[in-house]
Amino acid sequence: CGQRSLRISERLFGPVSVQVCDVLVSLGSVYMNKGEFSEARETLKRAMLISEAKYGNAHPKTADVLYALGSVYSVETDYDNAEEHYEKALKSKIAVFGQEHPDVSRVMNRLATIYVEQNKLKRAEEYFKQA
């Protein structure tokens, strides 16, 4: 069903459209929930390219894709890539919403969690306090 939606969106709107990006993000979430992490990662990477091209780096949609990619990397215990994507998402969310927004807190919590997983407790504590 998701692949069918993707093909239809690509045909109707073009392969590098915001509509295709939205379908890719949804499809990436489905793959993630099914435990198909490599499929989720590749699908979200494609969504990221489209989102950056269409919205730019400092946009909530781009930040959401970065967050989703960070989540995939986190589940795969690729903490370096998870941290990189969460940090980019955090920077974007702060630029758009300011420090006191729930989305900013959510990203800070995820960053703190991956620091706990790596036993970087001082760094984790900093993010937990800010969140």
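Which residues have the most contacts inside the largest nonpolar core?

## The core

They are Tyr86, Leu90, Val107, Leu111 and Tyr127, in a core of 33 residues. A nonpolar core here is a set of buried Ala, Val, Leu, Ile, Met, Phe, Trp, Tyr and Cys residues joined through side-chain atoms within 4.5 Å. Buried means under 20% relative accessible area, exposed over 50%, and partly exposed in between (1.4 Å probe, protein chains only). Two or more residues come from each of α2, α3, α4, α5, α6 and α7 (121-130); helices are DSSP runs of H or I with at least four residues, numbered from the N terminus.

This is a predicted model, where local features need pLDDT of at least 70 and side-chain atom pairs pLDDT 80 or more, while totals for chains, interfaces and linings use all residues. Residues are numbered from 1 along each chain as its sequence is written, and side-chain values use heavy atoms, leaving out hydrogens and water.

Let's look at one member of the core. Val107 touches Tyr67, Tyr86, Ala89, Leu90 and Lys93, setting aside residues up to four places away in sequence; contact means heavy atoms within 4.5 Å.

## Helix α4

Helix α4 covers residues 60-75 and spans 22 Å from its first C-alpha to its last, close to the 22 Å expected (1.5 Å times one less than its number of residues). Its buried residues include Leu66, Tyr67, Leu69 and Gly70. Among the elements covering them are α2 (18-34), α3 (37-55), α5 (79-97) and α6. Just after α4, Thr77 adopts a positive phi of about 60°.

## Out at the end of α6

Val116 belongs to helix α6 (residues 102-117) and is partly exposed, at 38% relative accessible area.
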